[in-house]
Amino acid sequence: MKLGPSLGLGHGSGGAYSPDWAWLKEKTNAELLLLSSYLQANLAARGGYRTDRAQSIRDNAGVPAAEVAGIPGGVPVGASGSLTVERNQTFSNEAALASFAASGSGSVLDPYIIEDLDFNAATGGTSTALHFNDPDGAYYVKVRNCKFGNYTGNYILANLITPIELENVTFDSATTVSNGIRIDQGGAIITGLYVPGLGINNVVFVNSSTALDIKIRYLKFDSSVRDWTGAGRLIFFNNMSQNINIDVQYADIDFTGTTVQPQGLLFGGDADVRSIIFNNVKWRGGKSALNQIAAGGVPLGLWENIEVFYCDVAETTEEAIHLMRADNIEVGYGTFAHVSAGAGSRLVYFNFDSANSGHACSNIHAHHLKLTKTSGTFTAGNEALETRAASGNVRFNDCWATDASEDAFEFVSLRPNSIFIAYNLVGDGVRGQIMDVARTWDEGSWSETAVNPTVDTPFYVSHIYGDCQDRVLTCSGVRGGIVHDIYGDNSVAVQASVEVQDWTAPAYQGSRVFVAGPLPLAAEQGSAGAALITATGSDIEIRYVDESGTLQIVT
């Protein structure tokens, strides 16, 4: 992960951020007004600079052409060829497994192989097809080119010390099954899994209190084969505190048009996840692709070291990504869209747990995202990219909102001892604001503060482009910010291009905000002008050079 911009801001003790705001203001004032004067006096250069840079941001947002969101062509998934019908099997010791396996010695390099079989409940018991019930078993097993169908409990139940391996396996049933594979210990390595639409609740169900790894490559869900009627969770943890590492790459998930909207990659209860890799995934439909929620009122576990790259997620009914207690998060080079689905939900949302103080997201880097949000109305909850009550080092950069039915980008409820940075953002056709920095968080009450902020919650916003029907940028009830190079066009709006204001509910002041040019030209400004200060706090100033070359100072 590459978190942390090089702005020379300095760090306080214990990792807390303590930028010298006065120094930043002085430096910004001196240097940016020179740039502002040049660009405003040379309008052709300014226009080219604005247009070229905005287009570069658009061109580099989303999944790069060199990457694949989904399964690369030619990669096989699922069982194939002639399969021998087999009944359910239970192995309570290594000897029983060795006598059944097609080959192998049980070592890591020569695992026991179970292959080319069709496990169908019509030929035997209906609860579990393959049960590895040897909690002291330290041998290795690979299930290869097998098909499972019509069981009600588990296709595979693994209770071994070592991870079980699946290769080119199909989970296919016309009836409801609780779990594809249930892991009581040991972990799993899954490659080439095919799951046509069916009533499966959990593809991977973890029922273990021990540390383990789950690795999945080349996973295909296909609801076009059969309607989906189960819960549809990719990975579910059964309310246990664990140290877990998740690695999901190259998956093609299609939940469109299903009777039940599957819940996606979902972790239950208080599971502690030490790392998540969620890369090269194409996802359509369902509730969410990556969703962290509490189960049955249990406090959330902590997710750490999350990497989401090269994903194309569209038409989820809720957030495409929704995190509530996570640290060290990077979401980059992804494409996310709500066109007909997802009304009332953000696209990517770094949220918080209101019931448990201190449970929120921290150290977030979202970059090179292409975001299309046309579903929903101009009401809170329909933003494209948002953090709320986040902390640490929080950064948005080089993202493009192609449309937004509300605000495009938001930092909401800023927490102390943190820094919030947004730059190189484009919002086209935005119904609300392109960038919104709003409200201050109180750690003691674990809510938005009801008094005037007494410490800085520093933010740095620059190079904002696009067009909108409201303000290009608002700074509402926040303290300690630097803003410059705002190029958005809100000429259809009655508001100013940039506004620094108080927050009203609960009521508290905005203060210590400095804005420097360039700001939008006269033809690009809302009817209230380039800049407006309605905040009642102290030390707020906006400076820019207008088209005549005159220095304008708003206080």
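**Close-up views of a predicted model**

**View 1. Phe148 sits in strand β6.** Phe148 lies in strand β6, which covers residues 141-149. This is a predicted model, as are all the views that follow. Is Phe148 buried or exposed? Phe148 has a relative accessible area of 0%, so it counts as buried, the cut-off being under 20%. Look for Asn120 as well: Phe148 and Asn120 are 28 residues apart in sequence, and their C-alpha atoms are 6.0 Å apart in space.

View 2. Strands of a sheet pair through backbone hydrogen bonds, either parallel or antiparallel. Here the order is β2-β5-β7-β9-β11-β13, and the pairing is parallel. Which strands are at the edges? They are β2 (89-91) and β13 (233-237), each pairing on one side only. From one strand to the next, the twist averages 10°. At the β2 end, three bridges link β2 in parallel to β5, residues 128-133.

View 3. Strand β10 spans residues 188-196, and seven of its nine residues are buried. Strand β8 (residues 164-171) runs parallel to β10, and six bridges join them. Thr170 is the residue that stands opposite Tyr194 of β10. How many bridges connect β10 and β12? Eight bridges hold this pairing, also in the parallel sense, with β12 covering residues 212-222. Ile190 has Ile216 of β12 as its bridge partner.

View 4. The largest share, three residues, comes from β28. What kinds of residue make up the lining? There are 10 charged, five nonpolar and four polar residues.

View 5. Most residues other than glycine have a negative phi, and most peptide bonds are trans. Asp398 is found in strand β25, residues 391-404, and its phi is near 55°. Asn424 belongs to strand β27, residues 419-430, and has a positive phi of about 55° although it is not a glycine. Are these residues buried or exposed? Asp398 is buried, because its relative accessible area is 14% and the cut-off is under 20%. Asn424 is buried too, with a value of 9%.

**View 6. Two proline residues follow cis peptide bonds.** The bond that joins Ala505 and Pro506 is cis, with omega about 0°. Where is Pro506? Pro506 is in the loop between β34 (503-504) and β35 (507-508). Another cis peptide bond joins Gly517 and Pro518, again with omega about 0°. Pro518 is in the loop between β36 (511-516) and β37 (531-533).

**View 7. Cys361 and Cys399 are buried.** Cys361 has 0% relative accessibility, so it counts as buried. Cys399 is buried as well, with a relative accessible area of 0%. A disulfide is a covalent bond between the sulfur atoms of two cysteines. How many disulfides are there in this model? The count comes to zero, when a pair of cysteine sulfur atoms must lie within 2.5 Å.

Key:
Residues are numbered from 1 along each chain as its sequence is written. This is a predicted model: local features need pLDDT of at least 70, side-chain atom pairs count only at pLDDT 80 or more; totals for chains, interfaces and linings use all residues. Side-chain values use heavy atoms; hydrogens and water are left out. Buried means under 20% relative accessible area, exposed over 50%, partly exposed in between (1.4 Å probe, protein chains only). Helices (H or I, at least four residues) and strands (E, at least two) are DSSP runs, numbered from the N terminus. Ala, Val, Leu, Ile, Met, Phe, Trp, Tyr, Cys and Pro count as nonpolar, Asp, Glu, Lys and Arg as charged, and the others, Gly among them, as polar. Two strands pair if DSSP finds at least two bridges between them. Axes are lines fitted to C-alpha atoms, for helices over the stretch in contact, and angles run from 0 to 180 degrees between N-to-C directions.
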